[in-house]
Amino acid sequence: MTSLTQDTDPIPRAERPAANPPPFPPTWALKVTMAVTGMAFAAFLAFHMAGNLKVYLGAEDFDHYADWLRTLLNPLVPGEVFLWIFRVVLGLSFVAHVGSGAILWYRARKARGPHARKILVNRISARTMIWTGLILGSFVTFHVLELTVGMRPMASDAFVQGSAYANLVHSFSRPAVAFFYGLTMALLAFHLSHGLLSVVNDLGATGRRFRAVWFAIAGIVAVLIVLGNLSIPIAVQTGILT
Amino acid sequence: MRLILEVWRQESPTAEGRFTVHEITDAREEMSILELLDRLNHQLVDNGEEPVAFESDCREGICGTCGVDVNGVPHGPRDNAPACFQHIRALRDGATVRIEPLRALGFPVIRDLIVDRTGLDRIIQAGGTVAVDAGTAPDADALLVTHADAESALDFAACIGCGACVSACPNGSAHLFTGAKLAHLALVPHGKKERGRRARAMVAQMEHEFGPCSQIRECVLACPASIPITAIAAVNKERLRAAFWTRDN
Ligand code: FES
């Protein structure tokens with residue numbers, strides 16, 4: 001077929017839709033991955049927070065709970081097998097969440113083009129997802145090294161493997177750690193609220209009532225997780241927990 | 001009204017672009033952004049200069065041809081109105097107004113304020129059509145569509161394809177556009193026949209040229225057709241459905 005336009009014509013001709021495959025992995029699949037793993041993290045955080053509150057019941061209860069977590073589903077699943085399955089699943093979700101986020105961030109940055117966009121309604125949480133996410137990621141690493149692995153200098157000098165209550169109190173007695181923990185909880189509020197709001201769009205919920213109910217639940221869950229967790233370092237710093 | 005215009009001038013897709021500054025002393029409040037550009041072009045032609053190239057057609061908000069960024073906002077300061085409906089009474093007397101083409105990687109500049117929006121056409125070409133034999137108009141009531149579905153389909157069909165959503169988006173995403181078409185055609189009897197195939201093809205084509213959506217929701221403010229945010233959800237809804245339901249419908 002001969003071209004109707006001369007080659008010198010500066011106006012690009014509309015081409016047929018591309019025949020080659022679109023970028024891989026597909027953007028929609030990455031968004032779904034982020035939504036699913038993100039919801040798994042939110043559910044994990046909700047249970048984690050509820051467990052954390054046991055600290056107010058005293059050392060014995062808390063340590064007993066910590067021990068129960070390690071041997072969850074015993075004797076059906078022996079020893080710490082379930083714990084490790086749980087860890088592997090969370091770890092893989094973490095990698096998938098961070099990996100998808102990085103690819104999406106890069107694609108978004110590229111598709112914007114060279115001109116910065118003006119924002120009318122500054123939805124800070126939406127625009128800082130990558131940064132709150134990065135800080136939360138490093139916090140999780142710190143948190144695991146400190147209270148699970150017990151690696152110094154992250155862990156306090158008084159760290160003893162297995163005595164969860166004492167380790168927690170010793171850790172949060174250090175003002176810098178209590179502050180870092182509090183700060184990440186504030187960032188978590190941003191990350192979680194935008195994440196949970198985005199889930200409805202990423203998973204394609206279009207119903208008006210479902211969206212309204214989900215937004216309400218998401219908001220309440222995010223606030224509860226953050227407030228519940230935040231209370232603990234404050235309680236340690238103010239001497240309520242010793 | 002007196003206005004200082006900073007207008008983007010760019011000779012060709014490959015040329016360097018730059019802003020040139022012009023003064024309009026006799027602007028009137030009821031002028032639209034497009035009429036302001038007309039006024040500027042008269043002034044330029046009178047002075048023997050090249051007029052600014054920009055697009056417009058109906059000038060009544062239905063064709064989607066117009067579209068420029070005004071002070072960094074697609075179409076202009078008022079929410080949900082096309083450039084042809086944006087009156088300059090929204091601007092202060094003596095203000096500096098920066099007019100530039102719609103910005104996104106998917107919208108390369110052709111000349112001055114005109115951008116190439118054929119990326120959106122390609123998304124429609126990929127599947128935003130009804131390709132089944134629809135026959136002649138059926139008897140009334142032979143094909144039942146509920147009132148709610150009809151209203152909803154019409155709301156999504158209101159998209160005029162101007163591209164403001166893409167330009168408003170810091171991610172250069174065309175989700176609002178694509179989702180509006182997917183949601184519209186998924187609601188009507190003939191469109192439903194190709195629901196799955198359409199979702200796969202249109203989303204794939206969209207991902208070739210446009211970015212991901214991170215729910216910043218600037219598009220919803222810019223959209224002159226007031227397409228609702230649920231169009232965004234419709235993209236993943238239709239695509240996810242098509243991932244599990246692998247047939248054409
Ligand atoms: S010129 Fe037709 S919509 Fe503005």
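Predicted model: local features only at pLDDT ≥ 70, side-chain atom pairs only at ≥ 80, totals over all residues.
Good morning. I begin with a pair of helices in chain A: α7(A) and helix α8 (residues 208–237) pack with their axes 9 Å apart and at an angle of about 175°. That angle makes α7(A) roughly antiparallel to α8(A). By class, the contact of α7(A) with α8(A) has 19 nonpolar residues, 5 polar ones and 1 charged one.

Residues are numbered from 1 along each chain as its sequence is written, and chains are lettered from A and ligands numbered from 1 in the order in which they are written.

Helices (H or I, at least four residues) and strands (E, at least two) are DSSP runs, numbered from the N terminus. Axes are lines fitted to C-alpha atoms, for helices over the stretch in contact, and angles run from 0 to 180 degrees between N-to-C directions. Angles under 35 degrees count as roughly parallel, over 145 as roughly antiparallel, 65 to 115 as roughly perpendicular, and the rest as oblique. Two residues are in contact if their C-beta atoms, placed from the backbone, lie within 7 Å. Ala, Val, Leu, Ile, Met, Phe, Trp, Tyr, Cys and Pro count as nonpolar, Asp, Glu, Lys and Arg as charged, and the others, Gly among them, as polar.

How far may the model be trusted, in the predictor's own terms? The score here is pLDDT, the predictor's confidence in each residue, from 0 to 100. Chain A averages a pLDDT of 86, and 93% of its residues score at least 70. Residues 1–7 of chain A stay under 50, and the model has 1 contact for them beyond four places in sequence. Chain B averages 93, with 100% of the residues at 70 or above. For the complex, the predictor gives an ipTM of 0.90 and a pTM of 0.90.

I return to the helices of chain A. At what angle do α5(A) and α7(A) pack? Helix α5 (residues 129–149) and helix α7 (residues 175–202) pack at about 130°, their axes 9 Å apart. That makes α5(A) oblique to α7(A). Their crossing is left-handed, a term used if the near helix is turned anticlockwise from the far one by less than a right angle, and right-handed if clockwise. On the α5(A) side the contacting residues include A:M129, A:L136 and A:F139, and on the α7(A) side they include A:L187, A:F190 and A:H194. This contact has 7 nonpolar, 5 polar and no charged residues.

Next come α1(A) and α3(A), whose axes come within 9 Å and cross at roughly 140°. These two helices are therefore oblique to each other, and α1(A) passes α3(A) in a left-handed crossing. Among the residues that meet are A:M34, A:F41 and A:F44 in α1(A), and A:H97, A:L104 and A:R107 in α3(A). The contact divides into 9 nonpolar, 8 polar and 1 charged.

Now to the two chains together. In this model, 41 residues of chain A are in contact with 43 residues of chain B. Helices α1 (27–52), α3 (81–112), α4 (124–127) and α7 of chain A each supply at least two residues of the side that touches chain B. Which helix gives the most to that side? It is α3(A), with 6 residues. The side as a whole has 23 nonpolar, 7 polar and 11 charged residues.

Chain B has domain 1 (3–111) and domain 2 (117–244), with bounds that come from an automatic or database domain assignment. Their C-alpha centres lie 29 Å apart. Contacts join 18 residues of domain 1 to 19 residues of domain 2 in chain B. On the domain 1 side, the residues are 9 nonpolar, 6 polar and 3 charged.

Finally, some backbone details. Most residues other than glycine have a negative phi, and most peptide bonds are trans. A cis peptide bond joins A:F24 and A:P25, with omega about -10°, and A:P25 is found in the segment before α1 of chain A. Another cis bond runs from A:N74 to A:P75, with omega near 0°; A:P75 sits in the loop between α2 (59–70) and α3 of chain A. In chain B, B:N80 is not a glycine, yet has a positive phi of about 50°. B:N80 is found in the loop between β4 (73–74) and β5 (96–100).

Thank you for your attention.
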